[in-house]
Amino acid sequence: MQRLDHFNYKPDSYSTFPQRYIINFKHWGGAKSNAPIFAYFGAEEPMPEDIYVGLLEDNAPKFNALVVYIEHRYYGNSTPFGSFEESMKNETTRGYFNSAQAIADYADVLLHIKNTWSAQHSPIIIFGGSYGGMLASWFRLKYPHVALGALASSAPILYFDGIAPHHGYFYVVTKDFRETSESCYNTIRKSWYVIDRVAKKPNGLSILSNRFKTCKKLSTSSNLKNYLILMYSGVAQYNDPHKNTLKVICDAIDGAANKTDVLGQIFEGVVAYDSEKQPCYEMEGIKEPSETDIGYAWQTCSEMVMPIGIDREDSLFQPNPFNMKEFVNYCKNQYGVVPQPHWVTTYYGGSDLKLNFKRFASNIIFSNGLMDPYSSGEVLNNISDSIIALTTKNGSHCLDLRPVEPSDPLWLTTQRNTEVKIIKGWIDKYQADLRNSTK
């Protein structure tokens, strides 16, 4: 039973809600041997019952580690006001939904686990990916007495307050496509203006709907363009080295060059993305928003303000710069609050990161894949001997967290092995310090 508000002492702060966590005891060496605890921080989604994060599970036997997964407040079963809908219904109920409360929850759960199983001297290593990776790194800064170290995979902690360039995300998407195929890159760039030209015709939306086999007639050409933007950026972000979907799409676009026009080439890319032809393609964006869609929209309108835009001339996409004034007005209209774009860097740090973290932070691994568009806001260089940045040229978003596969490329295996070696060093030093303190 988790406390609603960790930072106030008003009567409602003492309200509680059920926070879900899952424990795998299978490999744990037990409290008597001070065996470690691997804790994975849930992020902006419900935690599945069958959750299995490869990096933790694959290495738990080597460390005799207890594995813990903790669900983020407001998502899944960890809802403070009985249901997700009730928890999100007004300014008051949403007010307890932020990262500081979330990592305080995690501290509370981890200390509860230690107390319950008498594991006071079991060192805790925390893991997280993307937003969860940001939480893991921030947790190590705020609760170094609870967690010995943190692995933050694909954690764009520099994408706040103007530290990283606004165009960084889409610049990396552009780079990924351009390095895959110059002709594919040029075709996609040209396609936006072809779509705009066709859409202006009297029956333009019908033409586009037919060409892209949409399940319903397009109500606006923007829906088609948004579908394609999400497809291209999603492929870049999550490109799997085993499948290389990015190359599959570009091969399909390039392969159709002598058979059809630009729109036909782009449609062949859509077909290749889905791996097999569908009767029709849903491009109107009418699906019900998920908890992630709703919850993270609130988080970005309060504290997690990432000013991502498109303002480079050589971009794969048409210019669409981030406009803070418009964003603030949207958030005020939607939620009745003004975003706090400077709060993340005020509370956790960010500006002059290397200078500051070097003086007070330790035991954090920032793992990055340089094909991941979010790498433009990640820590890509070592800050100190114990704040390490690991980068892989062909890596994608949170790839190192996935289970080991026999066909994994050598660079991915090397990245994981390096992470494990660093974590082992932290634990070995802790165990030596513990032995010395009891002599």
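My entries follow, helix pair first.

I worked on a predicted model, where local features need pLDDT of at least 70, side-chain atom pairs count only at pLDDT 80 or more, and totals for chains, interfaces and linings use all residues. Residues are numbered from 1 along each chain as its sequence is written, and side-chain values use heavy atoms, with hydrogens and water left out.

**Entry: α6 and α7.** I looked up helix α6 (residues 168-180) and helix α7 (residues 182-199). Helices here are DSSP runs (H or I, at least four residues), numbered from the N terminus. The two pack at about 130°, with axes 5 Å apart. Which residues of α6 meet α7? I found T174, F177 and R178, which meet E182, C184, Y185 and I188.

**Entry: α12.** I checked helix α12 (residues 291-302), which has 12 residues. Its buried residues (under 20% relative accessible area) include Y296, W298 and C301. The buried residues of α12 pack against α2 (84-87), α3 (91-94), α5 (131-142) and α13 (324-335).

**Entry: S87.** I then turned to S87, in helix α2. Is S87 buried or exposed? S87 is buried, at a relative accessible area of 0%. Beyond its neighbours within four places in sequence, S87 is in contact (heavy atoms within 4.5 Å) with Y74, T79, P80, F81, T93 and R94. S87 and Y74 are 13 residues apart in sequence and 7.0 Å apart in space, C-alpha to C-alpha. The side chain of S87 reaches the backbone nitrogen of F81 at 3.2 Å.

Notes: Axes are lines fitted to C-alpha atoms, for helices over the stretch in contact, and angles run from 0 to 180 degrees between N-to-C directions. The expected span of a helix is 1.5 Å times one less than its number of residues. Buried means under 20% relative accessible area, exposed over 50%, partly exposed in between (1.4 Å probe, protein chains only). A polar contact is a pair of N or O atoms within 3.5 Å; within protein, one must be able to donate a hydrogen and the other to accept it, and residues adjacent in sequence count only if both atoms are side-chain atoms.
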